[in-house]
Amino acid sequence: MNRRLALIYGIAAAALAVVPLLAGLSPDGRYWVEVLNNVGLYALLALSLNVILGDAGLFNMGHAAFYAVGAYTAAIFNTRLGVPILWTLPLSGAVAALFAVLVARPVVHLRGDYLLIVTIGMGEIVRIALVNNVFGLTGGANGIIGIARPSLFGHRIRRSEEFFYLIWGFVALTVFLFHRLARSRFGRALNYLREDEIAAEGSGVPTARHRLKVFALGAAWAGMTGTLFAAKMTSISPESFGVGESVQLFAMVILGGSGSIPGVVAGAAMLTGLSEVFRGFASARMLVVGAAMVLMMAVRPQGLFPVHLPRFRAADLPSPGPGAPEREALP
Amino acid sequence: MRPFLEQCTNGLAVGSIYALIALGYTMVYGVLKLINFAHGDLFTYGAYLGMTLLTSLLLHERLGIGPGLLVLALMVMGLVALLGVLLERVAYRPVRSSPRLNAVVSALGASIFLQNGLMLVYGARYQVYPDVLPQTAFSILGLHVPVLRVGVVLASVAMMAVLYFFVQRTRLGAAVRAVAIDPDAARLMGIDVNKIIMLVFVIGPALGGAAGLLVGLYYGQISFTMGWTYGMKAFTAAILGGIGNIPGAMLGGLLLGLIEALGAAYLSMAWRDAIAYGVLILILIVRPSGLLGERVADKV
C-alpha cells in the first residue's frame, strides 16, 4: 500500500467515522446511514468476489449462493439453537467455504466463460433449493424470520448507527487483510494464475489447489457478510440471493477495477449509492451499468480505478557485494 | 402410458424451441468461440416484438391466420436479426482482438442493457399474448395433442431443415463452415470473414426471435427476464449436443426438452429449472465435448 492510498483510506475512515454523529442533525440522516450500511455490505461482498474474479481471474457468477449459505447458516443456528448471531460468524464462513470447495472442486478447471455459466447454474440451484425448503430448514419462499439482534460486549445492537460501525469496522478489517493478502506469496501466485496459467504451473504454482483455496476464501468472506446481513435484517428470504445479485456484484468488481481493492469499494459505492442519490435514475440504473460494461471493455478494460502492480526496478535489488559479477541494468 | 406420451409431446415442443435458440449460441460459438450472453435477450425481444406487431398490425385478421402469422414471423425475424447485427457491431467487434474474457464481460453488459431496456419500455410485469390461434386439440391413438403443440414442432423443424440445407449445401454455408474451422485460412481463400460473422449474427438472432414468437404463442405469457432462463437452457442444449455443432444443437434441444418435461412430471415440478442446470453441470464435468462434439482440446 503506497502512501497516497494510505492517505485516502485515512481520510475516508475519518469521514465515515463521523457520519453517524452528524446523522442526528439532519431529519433524513438515519436514512443516509442506512444507505451507507448497504454500501458497506455490498463493498464486503464485492471485495470477497474480487479475490476470486479480480485476483485469480476466475469468472464466478454464483457468488450470491455463498452469501446465501452464510446467511442461512447464521439464521438457522440462531433461530433453532439459540446461538448468538455474531458467534455464528466463523461458523457461517466455514460452512460457506466448505460448500464452495464441494461445488467448485469438479468445475474449477473449466475455462472462463464455461465457469461463468456453471456458476450461474450453481447459484440458481441453490436459490431453487432454498425456495423448496431443502432439509426442512430454510423455510421455503418466506425464508427465516425472527433472527435475534446481535449484541457486542453485552451491548445490544439495534439502531442503524450501531450497525454502521459494525459493518464498516468489518469493511476496514477486510480492506486491511486483503491488502496484506495481495502482497503475500499466495496473493501474488493468484495473479500469475490469472495472467498465464501454464507459466504459473511451470513456476511451481499449484494451480488447481490455489483455485480451490481462493474460492474457499472468497466464499468464506461472503458467508460472513451473510451473517451480518441476517443480523441486520432479522429476516432473510431466497429472493435476496438471486442471480441478479450475483450480476450486480460482478459489475461492481469489473467496473470498479478488477483486482483493485479501492476500485472495488468505489464500484460498490457507485452502484448502490448512485441509485439513492438520483432517485429517478434507479429504474434505469442497470441500463447504464450494462452500457458501461460494454463501453468499458472497448476503451478501458482495466476498470475505473485499476490496480497498479508493483514493478521491480534495478534500484530495488540489493546492491551486489564486492567481487560480485557485473550485472546489466534492468529496463 | 398415456400421460407419459403426452409429457413426451410437450417435451418435444419445448425442446424444439430450445433447439432453435441453441442454434444461435452454437453458430456464434462456431465462428467466434464466444458465448453470446445476449442471445437469450434477443429471444425475448422476438417475443415482445411479436406481441406488439400482433396487436398493432392485426395481420392475422387482414390476411387470415396462416399467411398473417407467416408475414409476422418474417417481420419479427428480420427485426431481431437487425438487432443482432447491431449487437455484433457495438458489443463484439470492438473487443474481438482483446483477451477473451473482455468479450465475455462485454456480452454480459449487452445482455444487462437489452434486458433493462425492454423493462423500461414495457414495464416489469409479465405480458399476455393475444389469443389468435384456435385452442383446439385432436386425438391420435387415444392421445390428446393440442394443434398448437404440433405447430410449434413443425415450425421449428422446418426452420432447422432450411438452416441445415443452407449450411451444408450452399456456397455461403460452406464459407460459414470454413470460418468456423479456421478464420485465417478462410481469409486467405478469399472469404470475407467479417461478412460471415455478420451473417451468423443474422441467422442466429433470427431463429432466436422466431423462438420468442413461438413461446409467446405457445404459452401466451412472456416476461422481460425470461431470456435468462431460456438462454441458460438453450445453452445447456448446445453444450449437451456439442457446442459448435449444428445437428448437435438440434439433438441437444429436443433431448433437454424431454428430460425436463419428464423430470418435472415424475420427479418434482418445483425443481423443474434445477433439472436443466443439473444437466448442464453434469455434462461439463463428464463429457464437456457433448454428445456429437469432437474437438475437445482447447474448449474447456
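## Where the chains meet

In this predicted model, 33 residues of chain A touch 34 residues of chain B. On the chain A side, helices H5 (112-131), H10 (243-256) and H12 (285-299) each bring at least two residues to the contact. H5(A) gives the largest share, with 12 residues.

What does that face of chain A look like by residue class? The side of chain A that touches chain B is made up of 25 nonpolar, 5 polar and 3 charged residues.

## A look at H12(A)

H12 of chain A is one of the helices that supply at least two residues to the side touching chain B. H12(A) runs for 15 residues and spans 21 Å from its first C-alpha to its last, close to the 21 Å you'd expect at 1.5 Å a residue.

Which residues of H12(A) are buried? Going along the helix, they are Met286(A), Val289(A), Gly290(A), Ala292(A), Met293(A), Val294(A), Met296(A) and Met297(A). As background, an α-helix has 3.6 residues a turn, so residues three or four places apart point the same way.

Over in chain B, helix H1 (residues 2-32) packs on helix H9 (residues 193-219), with the axes 9 Å apart and an angle of about 165° between them. Because of that angle, H1(B) counts as roughly antiparallel to H9(B). As for handedness, H1(B) and H9(B) make a left-handed crossing.

What kinds of residues make up the contact of H1(B) with H9(B)? There are 20 nonpolar and 3 polar residues, and no charged ones.

Conventions: Residues are numbered from 1 along each chain as its sequence is written. Chains are lettered from A and ligands numbered from 1 in the order in which they are written. This is a predicted model: local features need pLDDT of at least 70, side-chain atom pairs count only at pLDDT 80 or more; totals for chains, interfaces and linings use all residues. Axes are lines fitted to C-alpha atoms, for helices over the stretch in contact, and angles run from 0 to 180 degrees between N-to-C directions. Helices (H or I, at least four residues) and strands (E, at least two) are DSSP runs, numbered from the N terminus. Angles under 35 degrees count as roughly parallel, over 145 as roughly antiparallel, 65 to 115 as roughly perpendicular and the rest as oblique. A crossing is left-handed if the near helix is turned anticlockwise from the far one by less than a right angle, and right-handed if clockwise. Ala, Val, Leu, Ile, Met, Phe, Trp, Tyr, Cys and Pro count as nonpolar, Asp, Glu, Lys and Arg as charged, and the others, Gly among them, as polar. Two residues are in contact if their C-beta atoms, placed from the backbone, lie within 7 Å. The expected span of a helix is 1.5 Å times one less than its number of residues. A residue is buried if 20 or more other C-beta atoms lie within 10 Å of its own, exposed if 12 or fewer, and partly exposed in between; C-beta atoms are placed from the backbone.
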